Amino acid sequence: MKVLLISANTVLEPYPVYPLGLDYVAGAIGPDHQLQRLDMNCLADGQGLATVLEGFAPDVIGISLRNIDNTDALHPMSYIPDYQRLVDRIRQVSTAPIVLGGSGFTIFPQELMTLLAADYGVVGEGERMAPLLTALEKGEDPACIEGVIGRDGLAAKPRPWTRQAVRQMPAQPDDLGFYLKNGGMLNLQTKRGCPFRCVYCSYPHLEGRAMRYRPPHEIAADAVALQQAGAKYLFITDSAFNAHPEQSLSVAKAFKAAGLAIPWGGFFAPNRMPDGYFDTMADCGLKHVEFGTEALCDPVLRAYGKPFDVAQVFATHRAANAAGLHVAHYFLFAGPGESEHTLSETLANIDKLHKAVMFLFCGMRIYPHTALYALAREQGQIDASESILAPVFYQPPELSIARAAEMIAGHAKGRDNWVQGAGAEETGNILKRMYRKGFTGPLWEYLIR
């Protein structure tokens, strides 16, 4: 069969993100079908889409939906209208069955099946596209395939994918060119699953709680392949790269042994790490550490379900600084347990974090299948019949989101290393100018104070 895989994501802030998921879907499909990819970031206009559809004439079209909205309580923006326009444009040219997938789809499968009038959906990991294609080719009913739903099917959560996950990079250099020209960042996944219990996070629903590892030498081989393809920087997309300290050390050492010469970074939890952990990481090429800290007030950290306390954050921060790494912390205000008192405590403690960049987000987006969703229902903020596809944010009983935003903006004023949200259009334009001048990587290190 002729299969067209489309990455629908066109969000470029804070920086362009290469559609890694399509590589794994392509790896699962393998040589059994004729495959073509289409990244909407690489299309200059809608006419390009029609040209691809008419020229390739796919039998099946898979669309990956990465995000639902911008998770910004102050300036909410849904991406659903863009997805609807994309499907409408496809339908003007092609009658091929449309299969939805991706992390955004997995969170809201039935709503999106209805809104986008898709034929099938793959809930969870995208490798299940392969058995779906086999069933369609044989004229069999794919309804019995775990994780696959039809127009009227129910989206039961599938078990994690236990077969080997194979990454197949694009054969055409043009598919990487957009990202190589705009920061030079490509990405890499070292494991799936997240053991943490952060109340707001959908990662455990997407990948499961049990971590599934790839052999370090295979990951390193992928990293070197990305370097040879032109990458100037690698970003590790794991929910928290250091969730298993020994595994992450093994991967970093494999990078060095394989000759990886470009810098890399990723998300980390500010947990207690073995002595010398960040020094070893730095010696193996780690350059940027992005901590999912969220708060610097112990009662709020407990309410958020975080596996560390304030003292641990400071200790881990000092260790990363001492290793010479660029450090950023992400904060998420106005969640459970937040009040003016707790927010003031966090803001005062942030001032004690030296040599770092702070990314400040106000308002906690409620997603299904999370502890936050259950709490919001228990508190009467939402009910079971209510759709939360349009952005819905948790309302802390003791503090309004507007008041929290006012306090954050007032405290951040004059602090150049405090970035509210992802930096919005202004930051995006600065990054574009720096990328045009040849700068590579995430670039937030230039804000470190």
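Reader: Is Ala334 buried or exposed?

Author: This model is predicted. Buried means under 20% relative accessible area. Ala334 has a relative accessible area of 0%, so it is buried.

Reader: Where does Ala334 lie?

Author: Ala334 sits in the loop between β13 (326–333) and α14 (340–350).

Reader: What is the phi of Ala334 near?

Author: Start with the general idea. Most residues other than glycine have a negative phi. In this structure, phi of Ala334 is near 70°, a positive value in a residue other than glycine. Ala57 also has a positive phi, near 50°.

Reader: Where is Ala57, and what is its relative accessible area?

Author: Ala57 lies in the loop between α2 (46–56) and β3 (60–64). Its relative accessible area is 39%, so Ala57 is partly exposed. Ala334, by contrast, is buried.

Reader: Does Leu399 count as buried or exposed?

Author: Buried, because its relative accessibility is 4%.

Reader: How do I read the nonpolar core? Which residues touch the most other members?

Author: The general idea comes first. In soluble globular proteins, nonpolar side chains tend to be buried together. Here the largest nonpolar core has 119 residues. Ile6, Ile63, Leu100, Leu234, Phe255, Trp264 and Phe278 touch the most other members. The largest share of this core comes from α16, with 6 residues. A second, separate core has 14 residues, including Val25, Met129, Leu133 and Val148.

Reader: Take Phe278. What does it touch?

Author: Residues up to four places away in sequence are not counted. Phe278 touches Phe268, Met273, Val289, Phe291, Thr316, Ala319, Ala320, Ala323 and Leu325.

Reader: On to helix packing. How do α9 and α10 cross?

Author: Read the angle first. Angles of 65 to 115 degrees count as roughly perpendicular, and under 35 as roughly parallel. The axes of α9 (residues 216–228) and α10 (residues 245–258) come within 8 Å and cross at roughly 50°. The two helices are therefore oblique to each other. α9 passes α10 in a right-handed crossing.

Reader: Which residues meet there?

Author: From α9 come Pro216, His217, Ile219, Ala220, Ala223 and Val224. They meet Gln247, Ser250, Val251, Ala254, Phe255 and Ala258 in α10. The contact divides into 9 nonpolar, 3 polar and no charged residues. Phe255 is also among the core residues that touch the most other members.

Reader: Gln247 is in α10. Is it buried or exposed, and what does it touch?

Author: Gln247 counts as buried, because its relative accessibility is 14%. Not counting residues up to four places away in sequence, Gln247 touches Tyr213, Arg214 and Pro216.

Conventions: Residues numbered from 1 in each chain as written. Predicted model: local features only at pLDDT ≥ 70, side-chain atom pairs only at ≥ 80, totals over all residues. Heavy atoms only, no water. Buried < 20%, exposed > 50% of the residue type's maximum accessible area, 1.4 Å probe, protein only. Core = buried A, V, L, I, M, F, W, Y, C linked by side-chain atoms within 4.5 Å. Helix = DSSP H or I, 4+ residues; strand = E, 2+ residues; numbered from the N terminus. Contact = heavy atoms within 4.5 Å. Axes fitted to C-alpha atoms, helices over the stretch in contact; angles between N-to-C directions. Parallel < 35°, antiparallel > 145°, perpendicular 65-115°, else oblique. Left-handed = near helix turned anticlockwise from the far one by under 90°. Nonpolar A, V, L, I, M, F, W, Y, C, P; charged D, E, K, R; others polar.
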